[in-house]
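Subject: Structure handover

Hi,

Here is the structure I promised to pass on.

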Amino acid sequence: MNIKNVTWKEFLINKGFDESLTKSFIGFISWKEGKIFSKLGEEINDVLAGYEGKIVAKDVICDKYKSIGILFFSKNISQDIANNVFKAVQYCEYNEVYNMNDIDSI
């Protein structure tokens with residue numbers, strides 16, 4: 001899969017997530033564990049820019065990549081599903097988008 005030509009929703013469908021879930025996915029913000037996110041409000045505004053409707057935010061952690069994040073959906077989902085979505089997104093970012101296979105060097 002050429003990740004550069006795929007939206008996050010298409011990526012999640014390709015990874016086997018339910019189409020209903022992926023349609024409700026609005027976006028995400030993530031950062032390295034232990035780092036202070038100085039402009040979190042601006043980042044949230046960027047993710048939600050142009051979106052109108054119900055918003056459900058899920059706090060997530062991915063131990064493998066030492067990342068923390070917030071996922072935004074248009075419907076409520078379980079925390080387990082949110083965690084699995086975040087793990088898939090982090091895997092993609094580290095291995096396919098930025099090609100940072102050696103996470104200890106980050």
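This is a predicted model: local features need pLDDT of at least 70, side-chain atom pairs count only at pLDDT 80 or more; totals for chains, interfaces and linings use all residues.

Residues are numbered from 1 along each chain as its sequence is written, and side-chain values use heavy atoms, with hydrogens and water left out.

Start with strand β2, residues 56-62. Helices (H or I, at least four residues) and strands (E, at least two) are DSSP runs, numbered from the N terminus. Buried here means under 20% relative accessible area, exposed means over 50%, and partly exposed is in between (1.4 Å probe, protein chains only).

β2 runs antiparallel to β3 (residues 67-73), and 7 bridges join them; strands pair if DSSP finds at least two bridges between them. Valine 60 has glycine 69 as its bridge partner in β3. The hairpin has 4 residues between the strands, and lysine 66 takes a positive phi near 50° there.

Now the cores, meaning sets of buried Ala, Val, Leu, Ile, Met, Phe, Trp, Tyr and Cys residues joined through side-chain atoms within 4.5 Å. The largest nonpolar core has 19 residues, and Leu12, Phe17, Leu21, Phe25, Leu71, Phe73 and Val85 touch the most other members. Two or more residues each come from α1 (8-14), β1 (25-32), β2, β3 and α4 (79-97), with α4 giving the most, 7 residues. Leaving aside neighbours within four places in sequence, leucine 12 is in contact (heavy atoms within 4.5 Å) with Phe17, Thr22, Phe25, Val85 and Val89. Apart from this core lies another of 6 residues, including Ile26, Ile29, Leu48 and Phe72.

Finally, there are 2 salt bridges, defined as a side-chain nitrogen of Lys or Arg within 4 Å of a carboxyl oxygen of Asp or Glu. Glutamate 19 pairs with lysine 23, the closest N and O atoms being 3.6 Å apart. These two are 4 residues apart in helix α2 (residues 19-24), so about one helical turn separates them. Glutamate 19 is partly exposed at 47% relative accessibility, and lysine 23 is exposed at 58%. In the other salt bridge, lysine 39 and glutamate 42 have their closest N and O atoms 4.0 Å apart.

Cheers
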